[in-house]
Amino acid sequence: MKLTVNGTEHEVDFEDDMPLLWVLRDELNIKGVKYGCGVAQCGACTVHIDGEAVRSCQTAAADVWGAVTTIEGLGTPDAMHAVQAAWVDHQVAQCGYCQSGQMMQAAALLAANPAPTDADIDDAMNGNLCRCGTYPRIRAAVKTAATKLQEV
Ligand code: FES
Ligand code: FES
């Protein structure tokens, strides 16, 4: 089956019920996407499919309906996505494990809602857990990214 990830088309072979997360990490060696709970409860495995934030641990690779983007494809070190730049500005990451999923969720939120309220941010980010407790910095970074995106 063909899978487009971060703009590159891959021919991959997998069982029908293989989660997208395993295909990304084990077949394609894309390690920015993380395994946390494996049961759609933590958000560490969040990627985009056609811009929509999905939990790749609970999405069968065979059901993927569009292009996949992981944190590696959101921006580059020379041309960071506004969310990535805001994460750096606010020094959001602590251990970092949850943060690729957090940024993918935040980027999908801002694509759908360019001026989110605090409640919108809390709602959208609610399913992304951070055992290090970086939530206040995440909220601040989402607001900074929203402002930056509106200036563009
Ligand atoms: S690993 Fe997918 S939501 Fe936790
Ligand atoms: S930064 Fe450590 S789990 Fe979120």
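This is a predicted model: local features need pLDDT of at least 70, side-chain atom pairs count only at pLDDT 80 or more; totals for chains, interfaces and linings use all residues.
Residues are numbered from 1 along each chain as its sequence is written, while chains are lettered from A and ligands numbered from 1 in the order in which they are written. Local features need pLDDT of at least 70 and side-chain atom pairs count only at pLDDT 80 or more, whereas totals for chains, interfaces and linings use all residues; side-chain values use heavy atoms, with hydrogens and water left out.

One aromatic pair is present in the structure. Trp22 and Tyr35 form this pair, with 5.2 Å from centre to centre and 45° between the planes, and the arrangement is tilted. Under the rule applied, rings of Phe, Tyr and Trp (its six-membered ring) pair if their centres lie within 6.5 Å; planes under 30 degrees apart count as stacked, over 60 as edge-to-face and the rest as tilted. Trp22 belongs to helix H1 (residues 20–27) and Tyr35 to the loop between H1 and strand E3 (46–49), so the pair ties together parts that are 13 residues apart in sequence. Helices (H or I, at least four residues) and strands (E, at least two) are DSSP runs, numbered from the N terminus. Trp22 is partly exposed, at a relative accessible area of 29%, and Tyr35 is likewise partly exposed, at 36%. Here buried means under 20% relative accessible area, exposed over 50%, and partly exposed in between (1.4 Å probe, protein chains only).

Three salt bridges are found in the structure, a salt bridge being a side-chain nitrogen of Lys or Arg within 4 Å of a carboxyl oxygen of Asp or Glu. One of them joins the side chains of Glu11 and Lys2, with 2.9 Å from N to O; Glu11 is exposed, at 56% relative accessibility. Another links Asp118 and Lys143, whose closest N and O atoms are 2.6 Å apart. Asp118 lies in helix H5 and Lys143 in helix H6, so this pair ties together parts that are 25 residues apart in sequence. Both partners are partly exposed, Asp118 with a relative accessible area of 44% and Lys143 with one of 39%. A salt bridge is also formed by Arg139 and Asp122, with 2.5 Å between the closest N and O atoms. Arg139 is placed in helix H6 and Asp122 in helix H5, so the pair ties together parts that are 17 residues apart in sequence. Arg139 is partly exposed at 36%, as is Asp122 at 34%.

Thr134 is located in the loop between helix H5 (118–125) and helix H6 (135–151). This residue is buried, with a relative accessible area of 1%. Apart from neighbours within four places in sequence, Thr134 is in contact with Val92, Gln94 and Gln99, where contact means heavy atoms within 4.5 Å.

In helix H3 (residues 82–89), the buried residues are Ala82, Val83, Gln84, Ala86 and Trp87. These residues pack against helix H2 (71–74), helix H4 (99–112) and H6. Just after H3, Gln91 adopts a positive phi of about 50°. Leu74 is found in helix H2 and counts as buried, at 16% relative accessibility. The C-alpha atoms of Leu74 and Gln84 are separated by 8.2 Å, the two residues being ten apart along the chain. When residues up to four places away in sequence are not counted, Leu74 touches His48, Thr69, His81, Gln84, Met103, Met104 and Ala107.

The domain assignment divides the protein into domain 1 (2–72) and domain 2 (82–151), with bounds that come from an automatic or database domain assignment. The C-alpha centres of the two domains lie 20 Å apart. At their interface, 17 residues of domain 1 are in contact with twelve residues of domain 2. The size of an interface is often given as the accessible area lost when the parts come together. The area buried between domain 1 and domain 2 is about 1200 Å², of which carbon and sulfur atoms give 56%; buried area is the accessible area (1.4 Å probe) that two parts lose on being put together, summed over both.
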